[in-house]
Structure formats: C-alpha cells, structure tokens
2 protein chains.
Amino acid sequence: MPVLHQMQMSGNCYKVRLAARQLGIALALKDYGLHDGATRKPNFLARNPNGRVPLLEFDDGRTLPESGAILWYLSEGTRLVPTDRWERAQVLQWMFFEQYSHEPYIAVARFWLSYAPKEELEKRRALVPEWHARGNAALGVMETHLAHRQWFAGARYSIADIALYGYTHCAAEGGFDLGAYPAVRAWLGRVAGEPGHVPLEARW
Amino acid sequence: MPVLHQMQMSGNCYKVRLAARQLGIALALKDYGLHDGATRKPNFLARNPNGRVPLLEFDDGRTLPESGAILWYLSEGTRLVPTDRWERAQVLQWMFFEQYSHEPYIAVARFWLSYAPKEELEKRRALVPEWHARGNAALGVMETHLAHRQWFAGARYSIADIALYGYTHCAAEGGFDLGAYPAVRAWLGRVAGEPGHVPLEARW
C-alpha cells in the first residue's frame, strides 16, 4: 500500500486523500507535525529534497512529491481526469492557477492566521493585506469562471475541482469572506455533494 | 494560426515559444509591454480574467492561460511528453516545482533586479535576500536531482526541462551565481544543444 507522507491540516495533503478516497485507492498515512521541522531533516530530505509534503511513497521505494503531480498520477485514466485533450489542458490550467495565484495567498494566510504561533504571525502582520488582496483576486477569477459553469474543466467534476476545493473551502480560516462569491459558494456545495466526499478532518 | 499573447522577455512565454518551435507549431506573436499594464485592461481580462501572459488563443476564440497547461496541450502525444504514466507524473512534478518553488523567487528577482525601474526595485530591496535564499534552495534541489541524471523526467529531454530552463538559464539576471551548481550548468548546456533550440531573444 502506498504511504502518503502528510500533515492532516494541509489542504495540499487533503486533496490527495480526497481523490484517493473517491477512487478507492487505499493509502497509509504517515503524519508530520506543523512545527517540528521534520520535513527538513535528512531522513525526509532523502525522500524529497524539496522538504515538503504531500509526498507519495510506493512499496518499491519510488517517491512522488507535488500535490498536482500526485493527483494526476492517481487519477489519469479515471473519471477524475477528462479524456478530451482540450479538457485535460483546462484541468492543468486550473491546477497551475491554484498553485501560483491562489495557494500562495489563501493557504499562506490560513496557515499564519489560524495555525502558527501568535508571535510568528506578528512578525508577518504587514503581509496580511497583500495576501488578502491577491487571494481575493484569485477568488474573483474563480467567481467569473463559475458564473456560467458547474465545474472548472469540462462538464464534470475533476481533479481541477479537488485542487481548488482544498484551500477554498477553508478560506475563512485565512480571514477571507466568501459572501461576495455566490458562484464559488454554490460550487463548494456541489463538490461536497459528490459521491465519496470526505471532509479535511477525515483520515483516509 | 494560434496567437500567443506574450512578453518577449518573460521566461514563461519563452517556454511556449521554444516548445512550439521544436514541435514545428507555428504561432503568431502578440506582444505586450512590461510596464504598460495592458494585461490588466478589460480587453485582455475578457480573454484571461487572471490578467497574465502567456495566453494562447485559437482561431475559434478558445483561450488557454498558464505556461504549464499550454506546454502540456501543445506537447501531449509528441516526443516532448513521455508515454509512460510514471514519467508523465515526474514531468508534472517538476513543472509544479518550477511554478511554486523556483519561479516565484528566481523569475521575480530577475524581473525586479534587471527589468523594473530602479525606484520600484528600491521599494522591494528588503525582499532580495529571501528571493536569493529560496531561489538557491530551488537550484540546490535541481543540482541534487541532476547529479546522477541527464534530464528531469525519464530518459529524455521533455517539457519538464523546458519549464525549468526558462528562468534557470537567465538566473544571473536575478543575481544568482550558478558557479556552485555544476550539474545544473552541464544540463543547461545539454538543453541548449537540443535540435531546434532557440534563445529567449528569438521570435517564433
């Protein structure tokens, strides 16, 4: 059984758990603490020199980091990745958007505002307005897209939706108000209603 | 002929030009200035609500943003994307790594140090050490990977190499010294020696 090296509260790790659960792929979870620096120690760096979770490790020792790559690997050829070439490109468009224009502001604001020691947040207090401005810009892009569409890529739920759900559904923990984004809120409800959906708190 | 909305000096746009050139896909280029805000104006935002280049536009009006998604769309089914599922996941691993852990530091340092008005750089001077620390961390991850390998994913040159070449080859413009990364420098030479390679300055 593959081992998912993870932090339970990480939205990036949640994405992998959620997709695996919906695909019926069993994973063993190996947990790391938020503040113990375990992913920067030699034992972990030997598995992922970039020092980050999620990391998927197979029985034969192969390892795969990057939530987007793990989602693609687990889901290619399943209902969670379209067969149409144009729709596949759109899946990746939204996954890259999430990692570049969304996660660095929404996930980062959530971490420092809700999960970091207060004195560490205070050192970064001056950055909060920029996180909120850029995070809201990303939410605005999502709202525009969803105004006339049910899902991010193609006509069905896909790993693009999972990738964007990971940190959007808990954006309030980063100080974001989803009140101004009705299409985003409706889409969050559709994602949560998909068969096999599990919340962030769920183990595999 | 598809239109690539682009900035000539952008490494993200260069990646698309380079892959298209090596695949023999003709593109028309529509240029935007670095400092004129044209990608934030309504005419452009109607094509890409995220306000960024590169953006690929087709004759029928379809548009595709995100350099990684464009690279995948143009290259899937060609020699630049492996057929093996595991190797494809590794291509995406490095493309996501580049956009999350490399570009935000190396490309950003290059922009502010070499392409922005001096007074704008001065406002951000305090950020330079963090850009350099994190950018060097990314170069270290690349050096570790390349110590015993020729290419980033699988046994051949792929869009993972193109994605990482985009800003690594011009990292000196961001104040990075590649002297400490001999495997990276050797790899840069291999990429530049691939058939059909063109420099960043080349038009299509």
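**Exercise 1. The surroundings of His35(B)**

In this predicted model, the side chain of His35(B) has a polar atom 3.0 Å from the backbone oxygen of Tyr115(B). Determine where His35(B) is placed and which residues it is in contact with, leaving aside its neighbours within four places in sequence.

*Solution.* 
Step 1. His35(B) belongs to the loop between strand E2 (28-31) and H2 of chain B.
Step 2. Once neighbours within four places in sequence are set aside, the contacts of His35(B) are Phe111(B), Tyr115(B), Ala116(B) and Pro117(B).

**Exercise 2. The surroundings of His197(B)**

Locate His197(B) in chain B, and state which backbone oxygen its side chain reaches.

*Solution.* 
Step 1. His197(B) is found in the segment after H8 of chain B.
Step 2. The side chain of His197(B) reaches the backbone oxygen of Val191(B) at 3.4 Å.
Step 3. Apart from neighbours within four places in sequence, His197(B) is in contact with Tyr14(B), Leu18(B), Gln22(B), Tyr165(B), Val191(B) and Ala192(B).
Step 4. From His197(B) to Ala163(B), the C-alpha distance is 14 Å, with 34 residues of separation in sequence.

**Exercise 3. Two helix pairs in chain B**

Classify the packing of H6(B) with H8(B) and of H1(B) with H4(B), and describe the residues in each contact.

*Solution.* 
Step 1. Helix H6 (residues 128-146) and helix H8 (residues 182-192) of chain B have axes 8 Å apart and pack at an angle of about 75 degrees. Angles of 65 to 115 degrees count as roughly perpendicular, and H6(B) and H8(B) are therefore roughly perpendicular to each other.
Step 2. H6(B) contributes Leu139(B), Met142(B), Glu143(B) and Leu146(B), while H8(B) contributes Pro182(B), Ala183(B), Val184(B), Trp187(B) and Arg190(B). By class, the residues of this contact of H6(B) with H8(B) are 7 nonpolar, no polar and 2 charged.
Step 3. Helix H1 (residues 11-23) of chain B packs with H4(B) at an angle of about 115 degrees, their axes being 11 Å apart. H1(B) and H4(B) are therefore also roughly perpendicular to each other.
Step 4. Here Gly11(B), Asn12(B) and Lys15(B) of H1(B) meet Glu98(B), Gln99(B), Glu103(B) and Arg110(B) of H4(B). The contact of H1(B) with H4(B) has no nonpolar, 3 polar and 4 charged residues.

**Exercise 4. The interface of chain B and chain A**

How much area do chain B and chain A bury between them, and which element gives the most to the side of chain B that touches chain A?

*Solution.* 
Step 1. The contact draws on 33 residues from chain B and 32 residues from chain A.
Step 2. About 3,300 Å² is buried between the two chains, with 65% of it on carbon and sulfur atoms. On the side of chain B, Trp86(B), Phe96(B) and Tyr100(B) lose the most area to chain A, together 24% of what that side buries.
Step 3. The rule finds 8 residue pairs in polar contact across this interface, and 2 salt bridges are counted between the chains.
Step 4. Strand E4 (63-65), helix H3 (67-75), helix H4 (85-115) and H6 of chain B each give two or more residues to the side that touches chain A. H4(B) gives the most, with 15 residues.
Step 5. That side of chain B comprises 17 nonpolar, 8 polar and 8 charged residues.

**Exercise 5. Backbone features**

*Solution.* 
Step 1. The peptide bond from Val53(A) to Pro54(A) is cis, with omega near 0 degrees.
Step 2. Val53(B) and Pro54(B) are joined by a cis peptide bond with omega about 5 degrees.
Step 3. Glu66(A) is not a glycine, yet has a positive phi of about 75 degrees.

Definitions and conventions
Residues are numbered from 1 along each chain as its sequence is written. Chains are lettered from A and ligands numbered from 1 in the order in which they are written. This is a predicted model: local features need pLDDT of at least 70, side-chain atom pairs count only at pLDDT 80 or more; totals for chains, interfaces and linings use all residues. Side-chain values use heavy atoms; hydrogens and water are left out. Axes are lines fitted to C-alpha atoms, for helices over the stretch in contact, and angles run from 0 to 180 degrees between N-to-C directions. Helices (H or I, at least four residues) and strands (E, at least two) are DSSP runs, numbered from the N terminus. Angles under 35 degrees count as roughly parallel, over 145 as roughly antiparallel, 65 to 115 as roughly perpendicular and the rest as oblique. Contact means heavy atoms within 4.5 Å. Ala, Val, Leu, Ile, Met, Phe, Trp, Tyr, Cys and Pro count as nonpolar, Asp, Glu, Lys and Arg as charged, and the others, Gly among them, as polar. Buried area is the accessible area (1.4 Å probe) that two parts lose on being put together, summed over both. A salt bridge is a side-chain nitrogen of Lys or Arg within 4 Å of a carboxyl oxygen of Asp or Glu. A polar contact is a pair of N or O atoms within 3.5 Å; within protein, one must be able to donate a hydrogen and the other to accept it, and residues adjacent in sequence count only if both atoms are side-chain atoms.
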